[in-house]
Amino acid sequence: MNLATLTACATCHHVLTEDSDGDRTVYRHPVTEDRHDVVPVDASQLQRVFHRCHTCTAGLPVWNYRTSLIQIGDLSAGVLVTYSNQWHVCYRCAQHIEADDSDALTAHCAALMLWPPGSDEYAVLRTLHRGIVLGREGRTLLTTADWPPARITAEMLPKIRDRFTRLLRGPAGLPAPINDPGQRRTLANQLDLVPMYWINQEFTDRINEVSGDQPPATVTDELASSPAGLLAWPEPVGDTRQLAAVSWTPHADGWQIIGYRSIGSALDDDLMPALRHEIGWLVPIHTDYIARRAKLDGRHPLGPLITTWLLIKQQLTETVPAKLPKGTTKAYQRNQRPAPQVRIVRIKPRTTIPSPQRSQPASTRTRAKPDHRFWVTGHERQQPYGPGRSLRRTIDIEPFLKGDDDLPIKLSSTVRVLGNRTAEKGQSTENG
């Protein structure tokens, strides 16, 4: 399930707020409802979508605050304006709200709008902001903000993981598929113990080259690098270059797999320390329950993870332990936690020793070596075993990349129809 999908109005191109009415999703225009009828569409179909803070109209939305519907009336004019019950708020405005300082919120927003104190606009804004601050019922992290990516290093992974598990254990709401309190605690406890993998830049470049063309692979325990884990690339991967990290944890007959985007230095310097402490570096943007033996190809939102596992299984890589800062290991010791395990995965160095060649008769024909690298589609094979190798059992031959490392990559000309992948690749999770 994509957690980062934006819905906008096809008429005005404003990103819409979402509320639930039983099993039905209700879409509303931001701020006020005295507009045209809502025409909800996927925001990716539109150009120049307006997706900014509802209070200051300038910042990148980070939190969604819930309130009751707010109404402000002008008795002399006989006008009653109804405002929204969902507020997408930037990080600076959220700081004022969390401090219960509606006056500071009004002063900040009015200054951006050039509304002087004492004006009618200022008075309405102050009343509205008091309603938001005093009437707020909770907040949920928005996963749709278009953050600039962070550059992730191996040394950062323990702190990155700890910030996300703190968010899971905290009071702030998360998207519905991963918001159940019990499941959040279980996920946090699982992630506290998982090994962490950092893919180096050369390997990341290889994944970006070949992932989009990777044929369907069967997801099995043998394919996964470990029963559970957290894996990060130094820069985002995938078709949209948004996927920065992935975690996988056991869940019934499969795995819960969560994909994350990273948060770079997008805010003013005075706000970044608070954001790192409160949210960290990762925001979930995709979650799936992937059943064992589900088939995922490189075009799936989690495809780069599968490609990474395939190349590791093909033994094209080597894994070495990361040397973590002393401050990190000492912090874990003080909290009586086992030392974090971070493994760097990199392409194996090329050997310079030629392999011995068997002498062959001059008349023996040899198969021409390919002049490019290409994916070989996965398939099943009947493997002989038992007494005299008389028995047969079915084994999976996963897709693999064929050809020497120094050869160019030949990409397929196959046209894939993009549709509802979850029906054929796995089952989207509704409850995490």
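Analyst: **A close look at the rings**

Let's start with Arg139, whose charged end sits over the ring of Trp63, 3.8 Å from the ring centre. A charge sits over a ring if NZ of Lys or CZ of Arg is within 6 Å of the ring centre and within 35 degrees of the ring normal. Arg292 gives another example, lying over the face of Trp255 at 4.8 Å from the centre of that ring.

Before going on, please keep in mind that this is a predicted model, where local features need pLDDT of at least 70, side-chain atom pairs count only at pLDDT 80 or more, and totals for chains, interfaces and linings use all residues. Residues are numbered from 1 along each chain as its sequence is written, and side-chain values use heavy atoms, with hydrogens and water left out.

Now to rings that meet other rings. Rings of Phe, Tyr and Trp (its six-membered ring) pair if their centres lie within 6.5 Å; planes under 30 degrees apart are stacked, over 60 edge-to-face, and the rest tilted. That rule gives three aromatic pairs here. Helices (H or I, at least four residues) and strands (E, at least two) are DSSP runs, numbered from the N terminus.

Are these two residues, Phe164 and Tyr260, buried or exposed? Phe164 is buried, and Tyr260 is buried as well. Buried means under 20% relative accessible area, exposed over 50%, and partly exposed in between, with a 1.4 Å probe and protein chains only.

A second pair is made by Tyr197 and Trp248, whose ring centres are 6.1 Å apart with planes at 20 degrees, so this pair is stacked. Here too distant parts of the chain are linked: Tyr197 is in strand β10 (residues 196–199) and Trp248 in strand β13 (residues 243–250), 51 residues apart. Tyr197 and Trp248 are both buried. Together with Trp309, Tyr197 and Trp248 form one aromatic cluster.

The protein chain has ten helices and 22 strands. Of its 432 residues, 46% count as buried. A contact means heavy atoms within 4.5 Å. Among contacts between residues at least 6 apart in sequence, 71% join residues at least 24 apart.

You can find Met156 in the loop between β9 and α4. Leaving aside neighbours within four places in sequence, Met156 is in contact with Arg151 and Trp281. Met156 and Trp281 are 125 residues apart along the chain, and 9.6 Å separates their C-alpha atoms.

Next, let's visit some alanines. Ala8 lies in strand β1 (residues 7–9) and counts as buried because its relative accessibility is 0%. What does Ala8 touch, not counting residues up to four places away in sequence? The residues that Ala8 touches include His13, His14, Val15, Val39, Pro40 and Leu46. From Ala8 to Ser44 there are 36 residues in sequence and 8.8 Å in space, C-alpha to C-alpha.

Ala123 sits in helix α3 (residues 120–135). At 32% relative accessibility, Ala123 counts as partly exposed. Ala123 and Ala110 are 13 residues apart in sequence, with 10.0 Å in space from C-alpha to C-alpha.

Finally, look at backbone angles. Most residues other than glycine have a negative phi. Ala252 has a positive phi of about 50 degrees although it is not a glycine. Ala252 is in the loop between β13 and β14, and it counts as exposed because its relative accessibility is 76%. Val31 also has a positive phi, near 70 degrees, in a residue other than glycine. Val31 is found in the loop between β3 and β4 (40–42), and it is partly exposed, with a relative accessible area of 22%.
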